[in-house]
Amino acid sequence: MSTNEDTNISKNQELNWFLVLWYIHIHLIGIYGFWLLLFEAKWMTVLFVIFVISINCLGITIGAHRHYAHRAFEALKPLKYFFLIAHTIAGVGPLYNWVHYHRIHHKYYGTDKDPYCSNKGFWYSYLFSNMMNSNLDKDELARIVDMRDIDNDTCIMIQKLFYWFMIIPITYLISISIPMEYWNETLLNSICIMGFLRLLINSSVSRMVNSAILVWGLKRGDKYPVDDNSIFYITKSYWLNYHYLLPWDWKSSEFGKYNRGCGTLIIKIWRNLGIVKNLKTSSTEDIRKIIQDLGSKKISLTEAIIELQKLSEEEAERDNLRFFH
């Protein structure tokens with residue numbers, strides 16, 4: 001990207017006080033909702049909120065992140081509709097905006113133009129950056145960040161257009177009314193658990209996708225495996241660093257694992273059912289070859305990554321033919 005393209009993209013960020021108050025409320029009431037979940041709520045409410053949150057998280061991690069933001073695989077239309085509905089019910093904003101800002105995050109990762117700038121620490125990346133107005137010029141971003149694939153998706157554009165009209169009836173009223181209607185849960189429990197606690201967990205997962213490298217990732221030069229006691233409760237690795245280099249690899253988990261984890265397992269099941277295909281990944285052989293070319297200065301790093309993506313797409317097509325035939 002040229003110097004002229006970098007000019008006037010970023011601007012000073014300011015706190016959005018409406019968002020500050022909103023986050024204060026969902027955290028305080030959400031924590032109270034967790035207390036109600038443990039000591040007051042009926043078992044059906046406990047099971048129901050776990051089920052709905054699980055669906056919501058699939059919409060955020062596998063749907064918004066791996067499928068729409070990085071195009072790690074192709075999905076049949078019914079699954080795309082599921083992703084869209086799950087993400088809408090999650091209440092973390094329009095899918096278009098989520099994908100847009102995540103792609104910006106990857107494009108400018110490690111710089112001050114990153115809307116979730118990791119250089120400013122975990123709490124800024126995870127929480128405070130989400131309470132600020134954007135530091136990026138929208139007109140410039142519309143030209144720099146390629147969103148043509150999302151722009152051409154009619155369902156996503158409809159969701160973007162009507163999201164703030166759908167959010168109250170779909171995300172809140174229906175989920176809050178179901179426990180009261182079908183198993184006589186109290187109004188207070190339903191609002192605090194199905195409303196605020198669920199939204200707190202969903203928004204936390206959504207924010208963590210953009211800041212996970214600060215928890216599970218290692219810095220350049222760090223020893224692996226680590227020597228400290230954190231290995232017993234946090235498994236740090238370089239896989240998240242790998243994800244920022246090769247984001248299209250479907251095996252990369254949102255939280256530091258590779259070819260493991262709930263999301264990856266579910267994608268494997270969907271593949272066996274034939275509802276996802278063309279799963280893109282980079283083989284050890286391809287990476288080794290590209291590193292050799294890079295080391296001999298035959299290609300630049302940017303060219304190497306583009307070549308790896310091309311190879312992964314070709315291999316995905318071949319593997320798809322082998323798998324289904």
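Me: How do the residues of the lining of the second largest pocket divide into nonpolar, polar and charged?

Reply: This is a predicted model, in which local features need pLDDT of at least 70 and side-chain atom pairs pLDDT 80 or more, while totals for chains, interfaces and linings use all residues. Residues are numbered from 1 along each chain, and side-chain values use heavy atoms, without hydrogens and water. Residues are grouped as nonpolar (Ala, Val, Leu, Ile, Met, Phe, Trp, Tyr, Cys and Pro), charged (Asp, Glu, Lys and Arg) or polar (the others, Gly among them). On this grouping, the lining of the second largest pocket divides into 10 nonpolar, four polar and six charged.

Me: Which residues lie closest to the centre of the second largest pocket?

Reply: On a 1 Å grid, a pocket is an open set of points with protein on both sides within 12 Å along at least five of seven lines, a cavity is a set where a 1.4 Å probe fits but cannot get out, and lining residues have an atom within 4 Å of a point. The volume, the space filled by probe spheres set on the points, is about 920 Å³ for the second largest pocket. Among its 20 lining residues, the closest to the centre are His 106, Lys 107, Pro 247, Ile 305 and Gln 309.

Me: Which helix gives the most to the lining of the second largest pocket?

Reply: Helices are DSSP runs (H or I) of at least four residues, numbered from the N terminus. H5, H12 (239-245) and H15 (301-324) each supply at least two residues of this lining. The most, five residues, come from H15.

Me: Which residues are the closest to the centre of the largest pocket?

Reply: The largest pocket holds about 1,300 Å³ of space. It is lined by 43 residues, and those closest to its centre are Leu 19, Val 92, Gly 93, Asn 97 and Trp 164.

Me: Which helix gives the most to the lining of the largest pocket?

Reply: The lining of the largest pocket divides into 24 nonpolar, 15 polar and four charged residues. At least two residues each come from H2, H5 (95-107), H7 (138-144), H9 and H10. With seven residues, the helix that gives the most is H5.

Me: Which element supplies the largest share of the lining of the largest cavity?

Reply: The largest cavity has a volume of about 50 Å³. Its lining includes His 65, His 102, His 106, Ser 253 and Glu 254, and the elements giving two or more residues are H5 and H12. The largest share, three residues, comes from H12.

Me: How do the residues of the lining of the largest cavity divide into nonpolar, polar and charged?

Reply: Val 209, Ala 212, Ile 213, Leu 240, His 243 and Tyr 244 are also among the residues of this lining. The division is five nonpolar, five polar and one charged.

Me: How are H4 and H9 oriented to each other: parallel, antiparallel, perpendicular or oblique?

Reply: Axes are lines fitted to C-alpha atoms, over the stretch in contact for helices, and angles run from 0 to 180 degrees between N-to-C directions. Under 35 degrees counts as roughly parallel, over 145 as roughly antiparallel, 65 to 115 as roughly perpendicular and the rest as oblique. The axes of H4 (residues 77-90) and H9 (residues 154-183) come within 9 Å and cross at roughly 45 degrees. That angle therefore makes H4, relative to H9, oblique.

Me: How do the residues of the contact of H2 with H10 divide into nonpolar, polar and charged?

Reply: H2 (residues 17-39) and H10 (residues 187-211) have axes that come within 7 Å and cross at roughly 120 degrees. The two helices are therefore oblique to each other. The residues of their contact divide into 16 nonpolar, six polar and one charged.

Me: How do the residues of the contact of H3 with H4 divide into nonpolar, polar and charged?

Reply: The axes of H3 (residues 43-69) and H4 come within 8 Å and cross at roughly 120 degrees, so H3 and H4 are oblique to each other. Contact means heavy atoms within 4.5 Å. Among the residues that meet are Val 52, Ile 55 and His 67 in H3 and Lys 80, Phe 82 and Phe 83 in H4. The contact divides into 12 nonpolar, five polar and one charged.
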